[in-house]
Amino acid sequence: MSTTTDTAIVIDRIGVETIKVPIIGTSPLIVHRWSDKAKRQMLDAQQGKKKVKEHRDPQADYENSFYRIADDTNPDRYGFPVTAFKQATIGGARFYDKSVTMTALRQAMFFRGIITKADPQQLVEIHGEPHMREDVVRVGQGTDLRYRGEFTEWTTELTITFVTSMLDRNSLLSLVEAGGMGVGVGEWRPQKSGEFGTYVIDDARSVEVITR
């Protein structure tokens with residue numbers, strides 16, 4: 001005679017913590033959002049439509065380069081894709097030994113942003129006063145002028161949820177700073193052989209633990 005003992009499978013909930021990390025730029029941030037005009041021109045080219053030459057409007061190019069967080073109370077807030085900061089943080093793993101894999105980090109951290117009617121993607125708010133910059137850029141075999149927004153001095157806050165069994169808080173903060181130094185965000189960042197869009201954790205403000 002045999003006896004079967006049923007044993008329940010016990011699975012603990014995944015431990016997570018959410019923190020808010022204050023960031024301060026250490027070099028200017030250059031923004032370059034794809035404008036509706038640029039996307040329309042790309043679609044026209046793919047559909048074989050004849051390109052219509054238009055007069056250049058530097059001010060319009062400058063205004064269209066911004067990511068915007070707009071609502072009924074404040075239509076003039078600036079943002080930047082939160083995914084750029086996540087990719088920079090993941091890229092910071094290159095500064096450490098190979099036991100820290102970028103694949104594992106993608107699954108261990110989640111960056112949260114704001115979505116408004118002005119932009120369908122998640123953005124973090126950029127605090128600072130922008131100005132227009134004019135750059136000569138290489139396009140194919142020729143050159144062109146680009147008019148984009150630049151924040152000489154800027155700050156933001158990153159809201160990050162991470163799996164505590166895979167990554168502790170201090171390690172996450174180390175990766176945030178490594179990504180800010182060696183990868184950066186925006187145009188002409190270190191990842192693209194530039195010196196712009198770098199940042200560190202702002203020691204003048206505290207890292208806030210939201211949930212744990």
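Asp135 and Arg148 are both buried, where buried means under 20% relative accessible area, exposed over 50% and partly exposed in between (1.4 Å probe, protein chains only). The two residues form a salt bridge with their closest N and O atoms 2.9 Å apart; the term denotes a side-chain nitrogen of Lys or Arg within 4 Å of a carboxyl oxygen of Asp or Glu. Asp135 belongs to strand β8 (residues 130-139) and Arg148 to strand β9 (residues 142-151), so the pair ties together parts that are 13 residues apart in sequence. Helices (H or I, at least four residues) and strands (E, at least two) are DSSP runs, numbered from the N terminus.

The model is predicted, with local features requiring pLDDT of at least 70 and side-chain atom pairs pLDDT 80 or more, while totals for chains, interfaces and linings use all residues. Residues are numbered from 1 along each chain as its sequence is written, and side-chain values use heavy atoms, leaving out hydrogens and water.

The structure holds 11 salt bridges. In another of these, the side chains of Arg205 and Glu157 meet at 3.8 Å, N to O. Arg205 lies in the loop between β11 (199-201) and β12 (208-211) and Glu157 in strand β10 (residues 155-163), so this pair ties together parts that are 48 residues apart in sequence. Arg205 is partly exposed, at 29% relative accessible area, and Glu157 is also partly exposed, at 38%. Salt bridges with shared partners join Arg133, Asp135, Arg148, Glu150 and Glu187 into one network.

Glu63 forms a salt bridge with Arg68, the closest N and O atoms being 2.7 Å apart. Glu63 is partly exposed, with a relative accessible area of 33%.
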